[in-house]
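Have a look at the structure first, then read on.

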Amino acid sequence: MNNSIWAEISLPSFSPLSQDTKTDVLIVGGGLAGLLCAYTLQQAGVDYLLVEADTICSGVTRNTTAKLTSQHGLIYDKLTKSFGVDAARAYYDANEAALARYRELSQTIRCDFEEKPAYVYSTDGTSKLERELLALQRIGARASLVYQLPLPVKTTGAIRFDHQAQFHPLKFAAAISQGLHICEHTRVLAFEKNTCITDHGTIRAEKIIIATHFPMLNKHGAYFLKLYQHRSYVLALQHAQKLDGMYVDEDTAGLSFRNYGNLLLLGGGSHRTGKKGGSWQALSQFAHEQYPDAREVCRWATQDCMSLDAVPYIGRYGGGTQELYVASGFNKWGMTSSMAAAAILSDLVQGRKNAYAEVFSPQRSMLHPQLGANALETVANLLRPAKPRCPHMGCALHWNESERSWDCSCHGSRFTKAGHLLDNPATADLKKP
């Protein structure tokens, strides 16, 4: 397996659940979203417990490129057209508030927090950029259109956000997790109303937050239709390029650039999990051509849950689940979205209104073209006569030669060659033939 540059940090360890217990709020999932929910509830004096099947931040969090920004691609033009100006403004304000909270916490937490401008660039004219800038002006966001970029790709311009940031995610997680009520190596097996059954006992909770990256319950919320997963790849290069900012292509198949210390983090090669894509080979070829003197220090891959409309699902898990909540579908912007989710869910479980909850509500319309694409992918793989099959919903798995893994293109579960679980929503290893 390949490890990210963040993985060198030692995180606090926690014991498994030792006996049946009860709590006001149970948080399932120990990635950054779950940790921030726990931290926020502890600051508010709320009784809670977080359980994690493995160890905290052992999943997607440690494989991020760790950008903190309210600039999530060219999203604001889409939001204003789909949901209106007020909803687009609420999305922007929620993420700016999340960024401000990181900025505040970084005053006392050593996490390599650095303010940087963020750029979304295009290689395909300026019309999309101009529409995005107009949408940003309508919601009162601070942004500008620039044309000259110091990148080794031919660009036509970029939208620039000032006062955004980058940081070290595991240094941050190590600090905020100190003293939290956490049980590691405690796998959730089933839910029965307000009781959670784990492999180490039962937990009774008044309210439950599912923060497991991909939601683990299929009977509510239709997340198996509303979400799919996307893989992308990163090279950490020495002797490459020093950039004063964070850069990402508006095309999801494009490249991203940011520095960490003396390293350039080059991202790209993206594709739907279980499908073919550029992978590390495309990045290595680009680095060889554009940075011939660079040396690869390490490489890693990450996986992101993609929603139907590019907005995360944060709020009540399903239409009929009054005391069950979810945070998922962060669409490659998990660091800022995790903080926004913690603020929203902390309010909701305490019975308080949140100004941003409506725009992120999982109960919004599912009528988007991506819904049909997700459904077709699932049907095709359910009908495909191949083994092995994913224990999540029975889809045929595809062999990923680059990463030497079995991947599910329906919902994104991944397994080692030997069948051991790598990524959810599956919760168990492959059955032995």
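Is the disulfide of cysteine 395 and cysteine 410 left-handed or right-handed? The torsion about its S-S bond is about -105°, so this disulfide is left-handed.

## Ground rules

This is a predicted model, where local features need pLDDT of at least 70, side-chain atom pairs count only at pLDDT 80 or more, and totals for chains, interfaces and linings use all residues. Residues are numbered from 1 along each chain as its sequence is written, and side-chain values use heavy atoms, leaving out hydrogens and water.

## The cysteines

Counting a disulfide as a pair of cysteine sulfur atoms within 2.5 Å, you get one. In that pair, the sulfurs of cysteine 395 and cysteine 410 sit 2.3 Å apart. The bond links distant parts of the chain, 15 residues apart: cysteine 395 is in the loop between α10 (369-383) and β18 (398-400), and cysteine 410 is in the loop between β19 (405-407) and β20 (414-416). (Helices are DSSP runs of H or I, at least four residues, and strands are runs of E, at least two, numbered from the N terminus.)

Both partners are buried, meaning under 20% relative accessible area with a 1.4 Å probe, protein chains only. Cysteine 57 is in no disulfide; its nearest cysteine sulfur, from cysteine 37, is 13 Å away. Cysteine 57 is buried too, at 1% relative accessibility.

## Helix α7

Helix α7 covers residues 279-290. Its buried residues are Ser279, Trp280, Leu283, Phe286 and Ala287. Down the axis of α7, they fall within an arc of 125° (taken from the directions from the helix axis to the C-beta atoms), so they line one face of the helix.

What covers them, by contact (heavy atoms within 4.5 Å), includes β11 (228-238), β13 (256-260), β14 (263-272) and β15 (295-306).

How values were computed
The expected span of a helix is 1.5 Å times one less than its number of residues. Buried means under 20% relative accessible area, exposed over 50%, partly exposed in between (1.4 Å probe, protein chains only).
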